[in-house]
Amino acid sequence: MKVYQCDQCEYASVSNKYRCPSCGTGKLQEQDVSSRGTVYSYTDIHIAPAEFAHLTPYTVALIQLDESKAKVTARTNGNVEIGDVAELDHIEDGAYIYRKC
């Protein structure tokens with residue numbers, strides 16, 4: 001998984017930006033890290049926007065990556081709890097789909 005880490009502060013993100021949105025001066029450097037992480041938070045979606053209504057009910061989780069300070073917002077293909085270990089299963093229409101390990 002690609003992560004973008006600021007060369008001036010500890011900011012990290014899975015999306016690239018022209019400059020660091022945290023310190024405003026650093027450049028983001030691309031790094032390859034493991035997609036494995038821990039469920040930091042989650043919510044179950046029962047009423048979704050029209051474009052995702054066919055997926056309901058589903059779970060959206062915030063995954064803290066093991067090898068980076070970046071967190072990933074992902075849909076999970078099953079129930080998860082805070083503290084569960086999860087791993088990227090696949091990317092679907094630009095969305096990260098994680099599964100519980």
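Guide: A residue counts as buried under 20% relative accessible area, as exposed over 50%, and as partly exposed in between. Cys9, at 22% relative accessibility, is therefore partly exposed. Cys6 has 5% relative accessibility, so Cys6 is buried. These values come from a predicted model.

Next come the sulfur atoms. A search through the whole structure turns up zero disulfides. For Cys6, the closest cysteine sulfur belongs to Cys20 and lies 3.6 Å away, which is too far for a bond because a disulfide needs the two sulfur atoms within 2.5 Å. Cys9 is in no disulfide either, and its nearest cysteine sulfur, that of Cys20, is 3.6 Å away. Cys20 is thus named as the nearest cysteine for Cys6 and for Cys9.

Now the surroundings. Five strands form a closed barrel in the order 4-5-6-8-7, and their pairing is mixed. On average, neighbouring strands of this sheet are turned by 45 degrees against each other, direction ignored. Strand 5 covers residues 58-65 and strand 6 covers residues 71-76; the two run antiparallel and are joined by six bridges.

The charged end of Lys71 sits over the ring of Tyr40, at 4.7 Å from the ring centre. Aromatic pairs number zero in the structure.

Notes. Residues numbered from 1 in each chain as written. Predicted model: local features only at pLDDT ≥ 70, side-chain atom pairs only at ≥ 80, totals over all residues. Heavy atoms only, no water. Phe/Tyr/Trp six-rings, centres within 6.5 Å; stacked < 30°, edge-to-face > 60°. Lys NZ or Arg CZ within 6 Å of the ring centre and 35° of its normal. Buried < 20%, exposed > 50% of the residue type's maximum accessible area, 1.4 Å probe, protein only. Pairing = 2+ DSSP bridges. Helix = DSSP H or I, 4+ residues; strand = E, 2+ residues; numbered from the N terminus. Axes fitted to C-alpha atoms, helices over the stretch in contact; angles between N-to-C directions.
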